[in-house]
Amino acid sequence: MKLRGTSRINEQGHLEIGGCDTVELAHRFGTPLYVMDETMIRRRIRSFVEAFEKTGLSYRMAYASKAFSTLAMCRLVAEEGLHLDVVSDGELYTALKAGFPPERIYFHGNNKTLDELVMALDAGIGRFVADNFTELALLDQLARDRGRRVKVILRTTPGVEAHTHHYIQTGQEDSKFGFDLESGQVHQALKQCLTSEGLEPEGFHCHIGSQIFESDGFRLAVRKMAALAAECRQSLGFRTRILNLGGGFGIRYNEKDQPMPVDHYIAAIAEEVRQGFAGGELPQIWLEPGRSIVGEAGTTLYRVGTVKEIPGLRKYVAVDGGMNDNPRPALYHASYEASLANRAGEEPAETVSIAGKLCESGDMLIWDIPLPRVNTGDLLAVSCTGAYNYSMANNYNRLRRPAVVFVRDGEASEVVRRETLEDLIRNDRVPGRMGAPESLMPSE
Ligand code: LLP
């Protein structure tokens, strides 16, 4: 397994992350445990910023909080000076409670509810990425009611298909997201904004997919958006001030994944922007990655429980979590690497498959992975779980969601505490007509 970020194998042969021994982390915080390498997250953010600085373009970096959103993460993102993309009242609430400056927050989503729009407006968030005509009408009305003009960026579907898993493609024309480019919907939406009292259009947005390894899709998207900008300039006299190209930069889950360094993507985008907007004023370029900021910085620690060997067939090693803390293998056939955190220096001795503990055959975290001989009680570290793991975790089988710790320079801080059994029933209610628990006891 590849050692990432600040990870290393220490003198005890244990996996260490952020200067913290993972065996000790597991004792202190329990398992399963999400461990986030804070230094690595900050480095990833800075690599985007530095890459942009090299291009000389005007830019804004945002973080897509759907990948991993907690109070501490929002605080970190704010400290690093980024903007924040939220897609729900829950993500917005988290950001506001973390003290994230509202003007640096913007709201995405194909079905923002009235309550969400009102909450965001009243919090004074910076802008909305408007997705459809229903939203435009509502937003205009709400803005006028408040005697305000609201900044909007129009989300477009540029018809670019990124080379990635089908379910996470969002740039193709047949999509629930955004205004369609081909049929002229974007143009119509812009016209509507320009004639409205409540809306102030600033530019366009597109997001062509996720876990993308090449720059071709981004280049094509820029060309399409530049053509759109030119056309809107000519026909409506509109100057595109912001061009937001979304997120989607791939990361290395295993050796088959070969993402480009961040500065390669950004150099390609910059080159295409300069060509596409040649002769005119360049828009400010925005990016909003999620996975590539946090994905490789996360490691999940599990305790090995039962081991089942089917002679000549397979050895199943079961851990104390599974598809509730990481639904990605079940949802997307995502593949992960793992190591034995308590014997991290040992050579592989057998091939095993890692099963979760949930009551479903599909609850397999990793198939056929080489590991040192695995025993009950060992500590398994699954790497690259920082994005879309905690944020997609659930209570299936009434399992408790794990704690999250940030590690940095030898210090471990719990940023989300483990759910308790009490948490699981906190919102449950029993109808009065069902009587008291005593009535369930057999009467003598
Ligand atoms: N912007 C927009 C409009 C998006 O829809 C997304 C992701 C992002 C930015 C961030 O993309 P990223 O840089 O993280 O690839 N649950 C799936 C991923 C869904 C992505 C949805 N949109 C997974 O676990 O792979």
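In the predicted model, 21 residues of domain 1 are in contact with 24 residues of domain 2, contact meaning heavy atoms within 4.5 Å. Domain 1 comprises 8–37 + 295–414, and domain 2 comprises 38–293; these bounds come from an automatic or database domain assignment. The C-alpha centres of domain 1 and domain 2 lie 33 Å apart. Residues are numbered from 1 along each chain as its sequence is written, and side-chain values use heavy atoms, with hydrogens and water left out. As the model is predicted, local features need pLDDT of at least 70 and side-chain atom pairs count only at pLDDT 80 or more, whereas totals for chains, interfaces and linings use all residues.

The ligand lies between domain 1 and domain 2, because both give residues to the shell around it. This shell holds six nonpolar, seven polar and six charged residues; Ala, Val, Leu, Ile, Met, Phe, Trp, Tyr, Cys and Pro count as nonpolar, Asp, Glu, Lys and Arg as charged, and the others, Gly among them, as polar. Of the 19 residues around the ligand, those that come nearest are Ser210, Glu288, Arg291, Arg328 and Tyr388, a residue being near if one of its heavy atoms lies within 4 Å.

For lysine 66, the side-chain N or O atom is 3.4 Å from a ligand oxygen. The protein covers 92% of the 580 Å² of accessible area that the ligand has on its own, by the Shrake-Rupley method with a 1.4 Å probe.

How values were computed
A polar contact is a pair of N or O atoms within 3.5 Å; within protein, one must be able to donate a hydrogen and the other to accept it, and residues adjacent in sequence count only if both atoms are side-chain atoms.
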